[in-house]
Amino acid sequence: MIYKKKKVLITGGTHGIGLAISEILAKKKFDIATFSRSQSRINQFKKKMRKYKIKTSAKKIDVLNNISLDNYFNDLKKNFGNIDILINNVGGGGSWGKEYVENT
């Protein structure tokens with residue numbers, strides 16, 4: 001199947017289910033943008049994505065910090081371009097954020 005090249009933002013795309021989604025779409029030559037609170041996960045993501053020869057954008061940010069989030073999206077639009085597909089994969093609740101994911 002032939003895909004038109006798309007730009008995808010995958011929240012939490014550096015590990016777990018998000019990384020699996022990133023790899024599946026990268027194999028199909030989609031450009032992938034993501035973010036993480038962990039610089040080591042960002043570095044691992046970038047290393048994995050190199051073999052697919054796609055455009056990537058991966059930054060360390062904290063989505064609970066509105067200024068950090070605004071800066072990320074401004075930079076993403078400027079340096080990565082418009083997003084065609086959004087995959088909201090970030091969890092939350094319990095291990096970070098507020099106790100209940102709906103409040104995060």
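Two strands pair if DSSP finds at least two bridges between them, and strands (E, at least two residues) and helices (H or I, at least four) are DSSP runs numbered from the N terminus. The model is predicted: local features need pLDDT of at least 70, side-chain atom pairs count only at pLDDT 80 or more, and totals for chains, interfaces and linings use all residues. Residues are numbered from 1 along each chain as its sequence is written, and side-chain values use heavy atoms, leaving out hydrogens and water.

**View 1. Strand β1 and its partners.** β1 and strand β2 (residues 31–36) pair in the parallel sense over five bridges. β1 also pairs with strand β4 (residues 85–87), in the parallel sense over three bridges. I10 has T34 as its bridge partner in β2 and I87 as its bridge partner in β4.

**View 2. The largest nonpolar core.** A nonpolar core is a set of buried Ala, Val, Leu, Ile, Met, Phe, Trp, Tyr and Cys residues joined through side-chain atoms within 4.5 Å. This core has 13 residues, and V8, L25, A26, I32, F45, M49 and I54 touch the most other members. Two or more residues each come from β1 (7–11), α1 (16–27) and α2 (39–50). A second, separate core of eight residues includes A33, F35, I61 and F80.

**View 3. The surroundings of F45.** Leaving aside neighbours within four places in sequence, F45 is in contact (heavy atoms within 4.5 Å) with G13, T14, L19, S22, I32, T34, T56 and A58.

Notes
Buried means under 20% relative accessible area, exposed over 50%, partly exposed in between (1.4 Å probe, protein chains only).
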